[in-house]
Amino acid sequence: QRLTTMTFSETITWASLQSEYAVGVLVSMMVGQNLIASALGLASGLTEALLNLKAMFPGNQAGGWLLILTTFQAVPIYMVIFAV
């Protein structure tokens, strides 16, 4: 009887953990769909601002490096769109 109770307890714990994972994935997908548009707008706005900075101050290297980093940050956002 003790062995049956322990097995049942382990099964319930495993099922609870799996349902928690499933709920977490669903919530993250719902939130992700809402935040993707904001992230793309922010990334494109930052890129445009850095291009303006580079046009106004061509000798400044920080804007160019930030522009490169911003471009690399936008690529995973587009991959998330393709994944969802």
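Helices here are DSSP runs of H or I with at least four residues, numbered from the N terminus. By that rule, Leu 40 sits in helix α1. The model is a predicted one, so to speak of local features takes a pLDDT of at least 70, side-chain atom pairs count only at pLDDT 80 or more, and totals for chains, interfaces and linings use all residues. Residues are numbered from 1 along each chain as its sequence is written, and side-chain values use heavy atoms, with hydrogens and water left out.

Helix α2 takes up residues 61-83. With 23 residues, α2 reaches 34 Å from its first C-alpha to its last, close to the expected 33 Å; the expected span is 1.5 Å times one less than the number of residues. At the N-terminal end, the cap on α2 comes from Asn 60, with a side-chain oxygen 3.2 Å from the backbone nitrogen of Ala 62.

Buried means under 20% relative accessible area, exposed means over 50%, and partly exposed is in between (1.4 Å probe, protein chains only). The buried residues of α2 are Gly 63, Gly 64, Leu 67, Thr 70, Ala 74 and Ile 77, and they pack against α1, which runs over 2-56. Leu 40 and Val 75 are 35 residues apart in sequence, and their C-alpha atoms are 10.0 Å apart.

Several α2 residues land in the middle class. Ile 81 counts as partly exposed because its relative accessibility is 33%, and Val 75 does so at 43%. Leu 69, also in α2, is partly exposed at 48%; its C-alpha is 9.7 Å from that of Thr 47, 22 residues away along the chain.

Val 75 and Ile 81 also turn up in a nonpolar surface patch of about 510 Å², together with Tyr 78, Met 79 and Phe 82. Patch residues have over 30% relative accessible area and no salt bridge, and nonpolar side chains are joined within 5 Å.

Terms used: Patch = residues over 30% accessible without salt bridge, like charges linked within 9 Å, V, L, I, M, F, W, Y side chains within 5 Å. Areas by Shrake-Rupley, 256 points an atom, 1.4 Å probe, with all protein chains shown as cover. Salt bridge = Lys/Arg side-chain N within 4 Å of Asp/Glu carboxyl O. Helix = DSSP H or I, 4+ residues; strand = E, 2+ residues; numbered from the N terminus. Contact = heavy atoms within 4.5 Å. Polar contact = N/O pair within 3.5 Å; in protein donor to acceptor, adjacent residues only side chain to side chain.
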